[in-house]
Amino acid sequence: MNIIVCIKRVPETADADVIIDKSGKDIEKGGLAFDLNEWDSYAIEEAILLKEKLGGTVTVLSMGGEESNESLRKCLAMGADEAIRLTDPAFEGSDGYVTARILSEVIRKLPYDLILTGTQAEDDGYGQVGVALAEILGIPHASVVNRIEVQDNKVKVHRELEGGLEEVFEIDLPAVLTIQTGINEPRYVSIMGIRKVAKKEIKAYGASDLNLSPQEVGVSGSDIRLEKIFLPPVGEGAEMLEGKPEEIATKVFEILKDKGGLV
Amino acid sequence: MKEIMVVAEHRRGELRDVTWEMLSKGRDLVERIGAELSVAILGKGVSPMVDLLKPKAHRVLLVEDDLLENYNSETYEKVLTQIITDRKPYLTLIGHTATGMDFAPALAAHLKIPLATDCIGIEPEGESFLLTRQLYGGKVNAQVSFQKKGPFMITVRSGAFPAIEKDPLPGEILPILSSISGEGLAKRFLQYVEAAVGEVDITQADILVSIGRGIKDAENIPMVKELADLLGGALSCSRPVVDKKWLPKDRQVGTSGKTVKPKVYIAIGISGAFQHVAGMKGAGTVIAINKDPKAPIFSVAKYGIVADLFKIVPLIKDKIKELKKTKS
Ligand SMILES: Cc1cc2nc3c(=O)[nH]c(=O)nc-3n(C[C@H](O)[C@H](O)[C@H](O)COP(=O)(O)OP(=O)(O)OC[C@H]3O[C@@H](n4cnc5c(N)ncnc54)[C@H](O)[C@@H]3O)c2cc1C
Ligand SMILES: Nc1ncnc2c1ncn2[C@@H]1O[C@H](COP(=O)(O)O)[C@@H](O)[C@H]1O
């Protein structure tokens, strides 16, 4: 079974102080830590679990700058066989559809039975690339998948719906599945593990290698344009409890008493 | 006349809330741009739902077919391609839900229609729309525009637009014959699997103490559990805590977990992603503890505390113990 996994390196913003940069279209990334997109860490783990069970290969793809090699290497250390990076200044500013389009061009050149992506990227949150990719490749798909069973040339998948209900489908291969968190427990990668794959070649392809003209990709090829970003008003309706920790604790106690939280 | 079309979302005989929200937003948009509102419903035996939809739109596009009994992206794409090709709606609205996420990107790619996903704001702007969506788990808002002329497609975040009652519209029913066949479907619906029932029903609790990824490790959970116990409440959590198997799935609050409405909800180390907030915004009083002053959870909180949970939670517990004692 040959599996392709699409991954993205994203900044870790949950804990960080996010600042809008001068362009007004991006955040300042300087001080931020980056990691593999959370959903993609489950996708790569799932691919490796399937490979361990059924044999075959796992190829990871990422569209991004040189720094993306770090995430690709993490996937190699987890057990992927090959890594390919799609990189070109012309790719910058690609929207969800164009990202899928670019990924599809390299995927067409590769052998595959199954393609895994994350359900969504932590940064742009489109929730779009995997499903659009399936359509561009002309193969079936299922999104928000939290269980996979391979049966010959089909897969049985569970899709996670609202309220924890699941929907089970049978899908012919090849297919694209977008993976939901919690489907497995992504393995830990040690620094030693990363070192072992440090020398492994990561192929890089640009627009011309993929027969894509600069007009069809990046900002010029995209239907969706980011005009500006801004910080949403946070905590407008909230009363912020301030003071010494002991004072805050007392206030919380009073609130709880008042709201019926203490009986 | 221009048409804005809402794709109704329903499951097991019931229309989902996002449908009313889209119809309400759609109504607002058609009134502002001078268009008509239609709603497409695909399914089998959906007439009770059609009755409910009628007053909400100028037209109900009704596709009844045995093959549409259960949602399947493949049949949905085929039928909606047919409808959109025929009627050329200026704008199609679809829910950004487990269902909408599953077919909208493919449908848009197939029809080569620009798609903006997970929108929380839609404003007419000349011959187009200006959209608001969120980046980085809700910490940043973005304004985005379409670069092409219409038709457009937008997926709408659940809960982003209120469902407002307005005087009824004609709701003319337009039956549409689908051209799908059961042969050669590459994706086949098999069954639903119900969410597992757990031992604790967090939806019944008056007080929920809820933890997120900020708890860092399973071994820190008892520290917060004690707070829940002191308050006579239950412990709930955000999704990553369940993904890491630190707590069972039945404790998860949010779109893919439970919807809770306790009197008091204390969110500890939870950033406030919309999928989480959707499950708890109905709570009476929300108290949020987070070390990040920009955490989106503070937008739904009544009271906010910017602090390290490992410092503040023990102090709150001590205070409760102390004051409980003096009272008794
Ligand atoms: C289809 C779909 C369905 C989903 N369904 C759900 C759902 O039902 N429920 C759900 O919760 N999520 C759901 N999610 C996931 C959601 O998008 C977020 O990823 C998730 O809610 C984030 O959880 P979190 O807030 O615990 O973690 P994070 O976003 O990582 O936030 C952790 C927070 O802890 C704070 N923190 C860290 N350390 C400390 C400290 N020492 N003291 C105080 N604060 C600290 C940080 O500042 C941060 O704000 C879903 C996603 C998808 C795509
Ligand atoms: N630049 C990229 N390179 C490779 N895969 C990507 C890229 N962007 C998105 N993806 C894949 O598409 C999924 C969904 O992303 P999105 O549609 O942007 O929310 C991610 O989890 C990745 O698997």
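This is a predicted model: local features need pLDDT of at least 70, side-chain atom pairs count only at pLDDT 80 or more; totals for chains, interfaces and linings use all residues.
Around ligand 2, strand 4 (57-63), helix 3 (96-107) and strand 6 (114-118) of chain A each put at least two residues into the shell. In total, 20 residues surround ligand 2, and the closest are Cys6(A), Asp40(A), Asp124(A), Gly127(A) and Gln128(A). Sorted by class, the shell around ligand 2 comes out at 8 nonpolar, 9 polar and 3 charged residues.

The backbone of chain A also reaches ligand 2 at several points. Gln128(A), already listed among the closest residues, has a polar backbone atom 2.8 Å from an oxygen atom of ligand 2. Gly118(A) places a backbone N or O atom 2.9 Å from an oxygen atom of ligand 2. As for cover, ligand 2 would expose 480 Å² if taken alone, and the protein buries 98% of that.

Ligand 1 is set up in another spot: it lies between chains A and B. There are 31 residues around ligand 1, and those that come nearest are Arg213(B), Ser238(B), Ser256(B), Ser271(B) and Gln275(B). Three helices of chain B, namely helix 6 (239-243), helix 7 (274-277) and helix 8 (309-327), each supply at least two residues of the shell around ligand 1. By class, that shell holds 9 nonpolar, 15 polar and 7 charged residues.

Backbone atoms turn up next to ligand 1 as well. Val253(B) has a backbone N or O atom lying 2.8 Å from a nitrogen atom of ligand 1. A polar backbone atom of Thr255(B) is 3.1 Å from an oxygen atom of ligand 1, and for Gly257(B) the distance from a polar backbone atom to an oxygen atom of the ligand is 3.3 Å. Taken alone, ligand 1 exposes 990 Å², of which the protein buries 94%.

The size of an interface is often given as the accessible area lost when the parts come together. Here, chain B and chain A bury about 7,600 Å² between them, with 57% of it on carbon and sulfur atoms.

Polar pairs cross this interface too: the count between chain B and chain A is 43 residue pairs in polar contact. Side chains of opposite charge can pair when their charged atoms come close. Across the interface of chain B and chain A there are 11 salt bridges. One salt bridge joins the side chains of Arg188(B) and Asp172(A), at 2.7 Å from N to O.

Over all chains, the whole structure holds 54 salt bridges. Among them is a pair within chain A, where Lys257(A) and Glu254(A) form a salt bridge with their closest N and O atoms 3.8 Å apart. Both residues belong to helix 7 (residues 245-258) of chain A, and because they are 3 residues apart there, about one helical turn separates Lys257(A) from Glu254(A).

Technical notes
Residues are numbered from 1 along each chain as its sequence is written. Chains are lettered from A and ligands numbered from 1 in the order in which they are written. Side-chain values use heavy atoms; hydrogens and water are left out. A residue is near a molecule or strand if one of its heavy atoms lies within 4 Å of it. A polar contact is a pair of N or O atoms within 3.5 Å; within protein, one must be able to donate a hydrogen and the other to accept it, and residues adjacent in sequence count only if both atoms are side-chain atoms. Accessible areas come from the Shrake-Rupley method with a 1.4 Å probe; for residues, only the protein chains shown count as cover. Helices (H or I, at least four residues) and strands (E, at least two) are DSSP runs, numbered from the N terminus. Ala, Val, Leu, Ile, Met, Phe, Trp, Tyr, Cys and Pro count as nonpolar, Asp, Glu, Lys and Arg as charged, and the others, Gly among them, as polar. Buried area is the accessible area (1.4 Å probe) that two parts lose on being put together, summed over both. A salt bridge is a side-chain nitrogen of Lys or Arg within 4 Å of a carboxyl oxygen of Asp or Glu.
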